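The sequence and the model are shown first, and a description follows.

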Amino acid sequence: MMGISWLIFLPVAAAVVLLFVPRSWSRVLWGAALLATLIVLALAIVLYVRFDADDAGLQFVEHALWIPQFGVAYHVGLDGLSLLLVMLTALLGPVVVLASWGTIKKHEKEFVLSLLVLQGAMMGVFTAWDLFLFYVFWEAVLIPMYFLIGVWGSSRRIYATIKFFIFTMAGSLLMLVAIISLYLQCGSFDFDHIFSSLPEAALPLRNQLWLFAAFFLAFAIKVPLFPLHTWLPDAHTEAPMAGSVILAGVLLKMGTYGIARLALPLFPHAAQVLFPLIAALSIVGIIYGAMVAMVQTDIKRLVAYSSVSHLGFVVLGLIALNAQGLEGGFLQMVNHGLSTGALFMVVGFLYQRTHSRLIADHGGLASTMPVFSVIFGIVMLSSIGLPGLNGFVGEFLILLGAFRHNPWWGALAATGMVLSACYMLWVYKRVVWGVPRGKAVEVSDLTAREIVSFLPIVVFIVWIGVFPGTFLSKIRASSHAYLSRIEMALQDSESNEAAVTASAAPHWEPKKEE
């Protein structure tokens, strides 16, 4: 078992070992979790360096039959589209453990175990190349996340947990029905087999629309795309800091990744029919999320609604179906994970000091928390897409792709960037500048542990912003192959339709003279 399997099973194995560590050994629990996630990060970096950017195919493949009776296999691998998300998951692992160390006061052992299992399951989602395996990892993510919100959340955690669970389970059931239907059509769960055999199956457009809708709704709930976003603000608000960081950083990307990996390439013709509706929902989400964020009084809810807006950008980039939109969409998934994850850490560290998330309770933090204010400023500017930072590159590419597909899409989506700058600069001014007031008067600045937990995120925010080619080069070959496959599928579909239409049309032949 080499390579990718280590990313999936090492954190899970660490969690199993820690089951036998006494609860009172708090330092051992946290130290072991940090070590395990650091090893996962080191292995992910090795895979990233060894990844051949010119190869559009699946790399580091591992394949073994799991349930032979149904053709289910343990099939994992990496291509350019999943590589960056695996790196993001690996990076946020130690960051979250370090940021949470010392802040969890109850059931520390279970908290650490939940983080480790969650990381392993998320790695599985981004590397699975078998639909059954993908679904197993998809569902496995739910369990630790359920406990993270339900046990260590705030006062309304039960309400938020149940809402999160109901929404996600509804989406999962839709996806399960679509997976079973696909298996009956293609006779296999393997991605390669399904991608190659589905066009031959020549599903009627009506069937494609139903299957696409089932997959897309499952993923759109996870994104979450407007109007399926209502679970997100409650989950974010009630979750502990680590839960919010993972939720914004990685979990929501499972939805956008699913749309790109499965929904669009499996049913491109159906997707093409529904593009105007999806684009409209994405644009409404961009503008609606930004406008609702502007009127929030709770900083955490403001950041939560900003996620609705930013992820609308990502979906718009993906459905533009051109190189700029696709590469921008995938890069923006990483950017959002870094920027919004860091913003939730900012809110979490502030709440630990003041026990309030209300904007009105803070002010003048630049005087009492200068290091905090600088880091807050960097991640805030990253979130609004300042040139030189990561957010600008992703949003610029998405807008370019959207304009190329439909100028109206680009023009309407661009208003979201303006609104984003308004609410982020406004909250930063209220919280950081001016004379210290309210709960901000006697707070202490960030500790060394907290600064170190921010450090890798800030490094990547600047690195992606200044040298985006380092990361885009890894996506390029896979994205071109991906777009070519969809284009060919659309052409085949149009040819089949033309043939069907021609055969169904009344055929006139000159009457032979007797």
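How many helices and strands does the secondary structure of the protein chain come to? The chain has 19 helices and two strands, where helices (H or I, at least four residues) and strands (E, at least two) are DSSP runs numbered from the N terminus. The radius of gyration is 24 Å, close to the 24 Å that the globule rule gives for 514 residues, so the chain is as compact as a globular protein of that length. This radius is taken over C-alpha atoms, and the globule rule is 2.2 Å times the number of residues to the power 0.38.

The model is a predicted one, in which local features need pLDDT of at least 70 and side-chain atom pairs count only at pLDDT 80 or more, while totals for chains, interfaces and linings use all residues. Residues are numbered from 1 along each chain as its sequence is written, and side-chain values use heavy atoms, with hydrogens and water left out.

## Confidence and overall form

The average pLDDT of the protein chain is 89, and 94% of the residues score at least 70; pLDDT is the predictor's confidence in each residue, from 0 to 100. Over residues 505-514 pLDDT stays under 50, and the model has zero contacts there beyond four places in sequence. Contact means heavy atoms within 4.5 Å.

The C-alpha trace spans about 110 × 50 × 45 Å along its principal axes. Of the 514 residues, 59% are buried; buried means under 20% relative accessible area, exposed over 50%, and partly exposed in between (1.4 Å probe, protein chains only). When contacts between residues at least 6 apart in sequence are considered, 81% join residues at least 24 apart.

The accessible surface comes to about 20100 Å², and carbon and sulfur atoms account for 69% of that area. Accessible areas come from the Shrake-Rupley method with a 1.4 Å probe; for residues, only the protein chains shown count as cover. The chain carries 28 positive and 28 negative side chains, and the centres of these two sets lie 15 Å apart. Lys and Arg count as positive and Asp and Glu as negative, while His and the chain ends are not counted. Each charge is placed at NZ of Lys, CZ of Arg, CG of Asp or CD of Glu.

## Residues joined across the sequence

| Residue pair | Separation in sequence | C-alpha to C-alpha distance |
|---|---|---|
| S244 and L148 | 96 residues | 9.5 Å |
| L113 and V12 | 101 residues | 8.2 Å |
| M369 and A440 | 71 residues | 8.7 Å |

S244 belongs to helix α10 (residues 241-266). With a relative accessibility of 0%, S244 is buried. Beyond four places in sequence, S244 touches H236, A239, G249, K300 and F344.

L113 is situated in helix α4 (residues 108-127), and its relative accessibility of 12% makes L113 buried. Residues up to four places away aside, L113 touches A15, L18 and L19.

T368 is part of helix α14 (residues 365-368), and M369 is in the loop between α14 and α15 (370-383). Is T368 buried or exposed? T368 is buried, at a relative accessible area of 19%, and M369 counts as buried at 0%.

## Backbone features

Which residues does a cis peptide bond with omega of about -5° join? The bond lies between V223 and P224, and P224 is located in the loop between α8 (205-222) and α9 (231-238). The peptide bond from F226 to P227 is also cis, with omega near 5°, and P227 is placed in the loop between α8 and α9.

Positive phi values occur in residues other than glycine. F60 has phi near 55° and lies in strand β1 (residues 59-67). H355 has a positive phi of about 55° and sits in the loop between α13 (323-354) and α14. At 59% relative accessibility, H355 is exposed.
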